[in-house]
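Here is a short briefing to read alongside the coordinates. Have the viewer open, and let's walk through it together.

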Amino acid sequence: MTGSPSSHSSPPEQEKAEVSAPAQWEGLRDAPAVRSDGVPMRRRRTGRRVRGADASQPERSRGMQSARDVATVVMAGLLMTFVSQHVLVSGYLVTDEAMEPTLRPGDRVFANVLDLTVSGADRGEVIVFRRLDGDPASPVDRREANPVQQTLSFFGLSPDRSLDHDVKRVVGVGGDRVSCCDAQGRIVVNEVPIDEAEAYLHPGEIASDIEFDVIVPDDQYFVLGDYRSVSHDSRDVLNTDQGFVSHDRVEGTAFVVGWPLDRMGPLPDGTWVYDESRAAALGPQPPWR
């Protein structure tokens, strides 16, 4: 006898739905528990694995994630500092009195590195440059920075403490005639006397106690310290190949003192003293200019 299905039996689809429906779906009566092909919705693949859904994939430790984030931030900071130090601005430690009163021993001065990649240094600017081996102007005691200081300096986290750099003021650029001195004891640049005492010369100092008359070669600088009686500069090596500073030795143009706090601030502008000598170097200009 063929009878109707038992009242206790259920269609396979209905049993699968009842077994497969997650507990959090109990209140969602209108939401289907299975797809039309009978595959439970909770097993539907999205193309990526959900964190913590697979027991074989333990959730990543929050401590490790935090450490990774900190390391990423630190590396990004070091990279930005390195670029700033070697491409934009560089810091140096002043080690002698040659540039007083503009700069004093212990000053941390910052130099514009990018500026010299697009143009040369101008008369009256203070530059930081590399000393040459055997430079007579170099101090006898050449203390080398320890590895920690070298690393911090490399990344721009501290000023360069080595004695391989010097800081001086540009008095003449390529093509200038620089001589000392006129009847009033002033340095003459391109036949124009320079009144340095009004701008930066150390009080009570004369322009120079050494006479000279030079033509500055192209891409070279004639440099002097502001404290002339204690400065070792271009005057000391006039008859050698070190009498001028080549452009490729210049690290940057100093523009601000960053430390100590009581000295912090921009360097005084000394370029205005050379306005007339700059005009003389350019020669007569056409009337339409």
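The points below cover confidence, then the sheet, then the nonpolar cores.

This is a predicted model, and the mean pLDDT of the protein is 75. A pLDDT of 70 or more is reached by 58% of the residues.

**Confidence**
- Strand β9 (residues 220–224) has the highest mean pLDDT among the elements, at 97, while helix α4 (residues 147–154) has the lowest, at 49.
- Residues 52–57 fall below 50 in pLDDT, and this stretch has 3 contacts in the model beyond near neighbours in sequence.
- Residues 78–86 are also below 50, with 18 contacts in the model beyond near neighbours in sequence.
- A word of care: where pLDDT is low, the predicted coordinates should not be read in detail.

**The sheet**
- Four strands form an open sheet in the order β7-β6-β5-β8, with antiparallel pairing.
- The edges are held by β7 (192–193) and β8 (212–215); each has a single partner strand, so one side of each is left without a neighbour in the sheet.
- Antiparallel pairing between β5 (residues 177–180) and β8 runs over 4 bridges, and V178 stands opposite V214 in β8.

**Nonpolar cores**
- The largest nonpolar core has 16 residues, and those touching the most other members are V171, V178, I187, V189, F212, F222 and Y274.
- Two or more residues of this core come from each of β5, β8 and β9.
- Beyond its neighbours within four places in sequence, F212 contacts V178, S179, C180, I187, F222, R235 and L238.
- Another core, of 12 residues, lies apart from the largest one and includes Y92, L103, V128 and A254.

Key:
Residues numbered from 1 in each chain as written. Predicted model: local features only at pLDDT ≥ 70, side-chain atom pairs only at ≥ 80, totals over all residues. Heavy atoms only, no water. pLDDT = per-residue confidence, 0-100. Contact = heavy atoms within 4.5 Å. Pairing = 2+ DSSP bridges. Core = buried A, V, L, I, M, F, W, Y, C linked by side-chain atoms within 4.5 Å. Buried < 20%, exposed > 50% of the residue type's maximum accessible area, 1.4 Å probe, protein only.
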